[in-house]
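Hi,

Here is the structure I promised to pass along. Have a look first, and then read on for my notes.

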Amino acid sequence: MDGPGGELLGRVFLTRVIEPGDETGGRWVRELGVDAVVRRLRERGEPLPGASGKRWAGLLARAERAEPRGDLAAARDAGVRFVGPGTPQWPGQLDDLGDARPLGLWVRGGADLRMWALRSVAVVGARACTEYGAHMAATLSAGLAERGWVVVSGGAYGVDGAAHRGALGAGGATIAVLACGVDRPYPRGHTGLIDRIAEQGLVVGELPPGDHPTPSRFVLRNRVIAALTRGTVVVEAAHRSGSLVTARAARRLGRHTMGVPGPATSGLSAGVHELLRQDAVLVTDADEVVELVGDMGELAPERRGPVLPRDLLDPAGQQVLAALPGRGTARPEEIALAAQTTPDDANARLYELRALGYVERHDDGWKLTRQAVIPVRDGPEPR
């Protein structure tokens with residue numbers, strides 16, 4: 001496969017022969033080059049370094065059936081292109097995977113993969129998620145999309161699907177990374193969703209057209225999600241969830257790892273809580289995610305509880321107001337004692353507080369009004 005297009009054809013050929021994430025195969029490509037590895041397989045030569053006789057026989061059997069030109073033709077018919085390392089659309093951050101780097105990616109959709117990946121966040125989690133998990137994934141992803149971030153997930157049921165739908169619903173960008181050929185969406189129940197992602201976003205995979213998913217391919221797919229993005233958010237995950245594999249891969253690659261907390265009694269949040277007990281960062285909305293993965297200055301708004309009337313008073317007024325009992329009345333001298341001020345000053349403050357509607361007088365005593373204990377919206381200081 002030498003000559004113009006030889007590198008492309010060679011990599012397409014190898015996606016039929018070498019499994020995703022095979023570090024031994026990646027080392028062969030790095031040390032010997034694509035053409036040399038392809039030639040050895042095509043000519044049924046001596047086993048490549050580190051390949052047992054049994055494994056080499058399996059690779060040769062696959063190589064005999066591989067037809068890269070046919071794969072490229074089938075891909076074109078399905079609106080799919082092949083993107084290899086070093087080409088303009090190749091996301092350079094995938095090179096961080098070393099010898100486990102994909103041999104190339106099959107891409108469905110019109111957007112520029114490299115540009116989209118530069119500002120992307122992975123949102124992953126349980127397939128059998130709760131309503132809470134689906135809500136959090138969709139809301140968080142919609143918020144990220146509205147802020148110009150690309151949401152990356154695996155196209156699966158549960159949290160993945162909710163994340164994609166959240167981004168699409170907000171009119172934003174999303175990428176589905178599949179563990180099968182991108183021309184045959186999996187799961188089949190998500191065919192409509194994945195077709196919509198291909199129209200509005202991108203569908204990406206390592207496997208050639210028509211290839212099917214296996215349990216090991218799902219696990220290895222997760223390293224691509226982790227490497228492609230600036231950080232990974234886990235929304236609901238049990239202790240053995242595949243989404244934790246993505247988070248751990250992100251951590252190894254030096255990416256940000258984040259988790260959305262859930263009920264302490266929920267087994268579906270146990271894996272997330274374990275991540276948070278290690279070095280993942282707790283996040284609850286898109287602003288907090290962007291503050292972590294975004295550029296300097298993209299800060300989440302300051303979080304505050306409800307504003308109470310006493311928060312709007314000057315310190316002396318707050319001190320007198322705080323001296324009144326929660327229930328019943330108190331005489332001015334009792335209030336002065338509790339507020340550590342004089343009776344005359346306490347009286348003056350009490351009349352000011354009455355004018356503002358915070359206290360009322362009952363015979364010789366004073367008591368709080370309902371306004372003084374109900375949270376109010378932020379507003380100008382009363383005058």
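Below is what turned up, starting with the nonpolar cores and moving on to the salt bridges.

One thing to keep in mind: this is a predicted model.

**Cores**

The largest nonpolar core has 34 residues. Helix α10, covering residues 215–228, gives the most to it, with five residues. There is also another core lying apart from that one, with 22 residues, including Met136, Ala163, Ala167 and Val260. As a bit of background, nonpolar side chains in soluble globular proteins tend to be buried together.

What does Ile175 touch, once residues up to four places away in sequence are left out? Its partners are Leu113, Trp116, Val150, Val151, Val152, Ser153, His164, Leu202 and Val204.

**Salt bridges**

How many salt bridges does a search of the whole structure find? The answer is 22. Here are a few of them.

- Arg55 and Asp22: their side chains meet in a salt bridge at 2.0 Å, N to O. Arg55 sits in helix α4 (residues 53–65) while Asp22 is in the loop between α1 (6–17) and α2 (23–32), so this pair ties together parts that are 33 residues apart in sequence. Buried or exposed? Asp22 counts as buried because its relative accessibility is 18%, under the 20% cut-off. Arg55, at 26%, counts as partly exposed.

- Arg277 and Glu274: this salt bridge comes out at 3.4 Å, N to O. Both residues belong to helix α12 (residues 270–277) and are three residues apart, about one turn of the helix. Arg277 has a relative accessible area of 68%, so it is exposed, and Glu274 counts as partly exposed at 30%.

- Glu334 and Arg331: the closest N and O atoms of this salt bridge are 3.4 Å apart. Glu334 is partly exposed with a relative accessibility of 37%, and Arg331 is partly exposed too, with a relative accessible area of 40%.

Besides these pairs, there is a network: salt bridges link Arg16, Glu19, Arg62, Asp71, Asp211 and Arg217.

That's the lot from me.

Cheers

Key
Residues are numbered from 1 along each chain as its sequence is written. This is a predicted model: local features need pLDDT of at least 70, side-chain atom pairs count only at pLDDT 80 or more; totals for chains, interfaces and linings use all residues. Side-chain values use heavy atoms; hydrogens and water are left out. A nonpolar core is a set of buried Ala, Val, Leu, Ile, Met, Phe, Trp, Tyr and Cys residues joined through side-chain atoms within 4.5 Å. Buried means under 20% relative accessible area, exposed over 50%, partly exposed in between (1.4 Å probe, protein chains only). Helices (H or I, at least four residues) and strands (E, at least two) are DSSP runs, numbered from the N terminus. Contact means heavy atoms within 4.5 Å. A salt bridge is a side-chain nitrogen of Lys or Arg within 4 Å of a carboxyl oxygen of Asp or Glu.
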